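Hi everyone, thanks for coming.

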Amino acid sequence: MRIEKEDVEKLAHLARLEFTGAELDAMVNDFDKMLGFVQRIQTLDLEGIEPLVYLNEEGQPLREDRPSEPMEPAEALRNSENSDGGYFRVPRVL
Amino acid sequence: MSDSQDLSAFEPVIGLEVHIQLNTRSKAYSADPAGYGERPNSMVGPISLGHPGTLPVVNRAVVESAIRLGLACGCTLRERNEYARKNYFYADLPKGYQITQHTTPICTGGSIGLGAKHGGKRIALTRIHMEEDAGKSLHDLDPFHTLVDLNRAGVPLLEMVSEPEFTSGEEAYAYLTEVRRLVRYLDISDGNMEEGSLRCDVNISVRPKGQSAFGTKVEVKNLNSFRHVQKAIEYEFERQVTLIQSGGAVQQQTRTWDSVQGMTQVLRSKEEAHDYRYFPEPDLPPVYVGPGWIEQVRTQMPALPEARIERYTVDWGLSPYDASVLVEDKAMADYFEHLVALHNRPKACANVLNTQIRAYLNQNGVELSEYPVVPERLAALLECIESGSLSHSAAFQKILPLMESGQTAHPLSIAEAEGLLQDRDEDRLRPIVLEVLEAYPAKVEEYLGGKKGLLGLFMGEVMKRSGGKADPQLSSRLVQEALEAQRKS
C-alpha cells in the first residue's frame, strides 16, 4: 500500500495542521517509510498469535471518589496566550 | 407540511443515544472535583487541562454507577473493560481525544419499559458505556472569539444507546421520563435535562410501511428538553416523508434542533462526518468487573419504580394511577412506604400524600425532604381518623396545617386544645338526636314512610347542634336507631 498526497492532506486536516507543497512531499515520504516498516512486520507468520494490546494484564487499581484541591483559575490559565474573565479565549469556533 | 393521510403510508425508525452525566464528586479519570455552576476553570488540574506527562486513573464510583444502571436495566455486564481514545480536535477537548469505551462497553443488552400507557412496551438497549465529558465552549460572549471553560472536561458520563425500536415521539418522551426516574432512583445522576445532566441525540429514518430495509438515517442533536426530543422527531418524520414523496432523497446528515423556529437544520453532511480513528487507550490497563463486585452492588440496589408499582397495585390495592404518581419521585415513594409501615392503610396513606401533602409542596414550592411533618406524626394523625377521634375534615383542614406550621404536640392534644375532638359520648349525643327528631315530626313520618334520603337532613342537624363535633359514624347509627324505635312505638 502506498500513501497518497490526499491521505496526508486528510490526516493533516483532522489534526488541524497545514503543510506547504514541499512539506507535504516530505510528509508523504516519511509516511511511506513508516508504512513500509509495518508492511515488513506483516510479512511475518503471526497465525494463532493474539494481538498484544496491554503489557500489564493485571488490571488497573481504581481511585476512590475523593476530590482533590483544584488549581487556582489564574494558575490554570497561566500557560494560555489569551484569556478573558477566567476563560480560555480561542479563535471563534462557530 | 403534508397532511396526515400522506404520512400514514410511512413509519419512522427511531433510536436514541442518551448521555447521562454522573453525580460523582471527582472526575472520571482524575481527582479534580466535579461540580456544576462554579467559577470558570476553577475545577481543573493538570489532567483536566490535558497537560503533557499526566496519567489518568479510573474513578471507582464511575464503574459502580455503570454496574447499578446495568443491573437496573437487565444488561449483561462485561468482566474485562478496555478503554479507547476517540480522536478529534476541538477547543474544549484539551487532550485532543476523549477516553471512552469502544469495542468493549461495560453493559450490553437490557431494556427500558415505557410504562402502562404504552402497553408495557420495552425498548431494547444496544449498550451502555463509560466515557468523559468535554469542556464548555461559549460562542456568544465575545464577537470574535470562543471562550472555553474546562470545569466540565473529564466529568464522567454514561452513554446509553437504544435499538431503533421507537415508532413515535411520544414513545421517546416516555423512555426519557423513565431513564430520568431510573437514574434518580439509583442516585447516579440528578437527571436534569435543562442543566445538561441528561443529553439526548435522536437517530431517525423513515420507510414505507411493510418494508424491512431501513431508510437513510439522520441524526438530530442539541435537544435540551424531553419536549424538544418529541417535537424534533415529529418534525423530522414529516420532513423526510415529504421529501421522499416529492421525489427527493433523504441525505445522511447531522442536524440540529432550532427550538425557536421549531425545526431541524443541517449541522454537517456525510462528507463532513467525523473520522475518530479509535485506538486502545495505552494509559489505562483494563478494568475488571468481577462477579463479587457485581453482587456487592446488587445487594445495595434500591427497589426500582416498576417493582414498586407492582407491589402498590397488586399487594396493596392502589390504582395504577395512584401508584405511578407516588413512584414518580423516590423520596415520595420512600415516605409512602415508611407511612404504610406505621399505619397499614395503604389507600388512606396514598390519598394524604397525593392530595394534602402534594398541595403543601406545590403551594410552598418545596421538596418532600423539606416537608415539616415526619411519617411518624402523620401516621398518628391518620390513626386518629381511623379510630374516629377526629373527623376527616377536622384532621386535614385544621390539625394538619397546625402540624405543618410547627406544632409538635400529639394530634389528639392539638385537637383537644382546639376543641376539635369528635364527640363519641353516646350519653351526650343521644339527647341531641332525640331533640332533632322532635323538631322535625313531619320529616320523621316521611322517613318512616320510605324516604330514606332524609337521613342526611337529620345528620346535618345533629352535626350543627353538636358544634360539628359529633362522630358521624356513631351519630348515623344513633339516628337510625332512634327512628326505628319510633316506628315500633
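Let's start with helix α5 of chain B, residues 291-299, where W293(B), I294(B) and V297(B) are buried. If you look down the axis of α5(B), those buried residues fall within an arc of 100°, so they line one face of the helix. What do they pack against? Their partners are α2 (60-72), β2 (76-77) and β17 (287-288), in chain B as well. Turn to the other side of α5(B) and you find P291(B), G292(B) and T299(B), which are exposed. Please keep in mind that this is a predicted model.

Now, on to the interface. Here 38 residues of chain A are in contact with 53 residues of chain B. Between them, the two chains bury about 3900 Å², and 58% of that is on carbon and sulfur atoms. Which residues of chain A lose the most area to chain B? They are Y54(A), Q60(A) and R63(A), together accounting for 19% of what that side buries.

And the polar side of the story? The rule finds four salt bridges across the interface of chain A and chain B. E64(A) forms a salt bridge with R60(B), with the closest N and O atoms 2.8 Å apart.

The largest share, five residues, comes from β2(A). By residue class, that side of chain A divides into 19 nonpolar, eight polar and 11 charged.

Technical notes
Residues numbered from 1 in each chain as written. Chains lettered and ligands numbered in written order. Predicted model: local features only at pLDDT ≥ 70, side-chain atom pairs only at ≥ 80, totals over all residues. Heavy atoms only, no water. Buried < 20%, exposed > 50% of the residue type's maximum accessible area, 1.4 Å probe, protein only. Helix = DSSP H or I, 4+ residues; strand = E, 2+ residues; numbered from the N terminus. Arc of directions from axis to C-beta. Contact = heavy atoms within 4.5 Å. Buried area = accessible area lost by both parts, 1.4 Å probe. Salt bridge = Lys/Arg side-chain N within 4 Å of Asp/Glu carboxyl O. Nonpolar A, V, L, I, M, F, W, Y, C, P; charged D, E, K, R; others polar.
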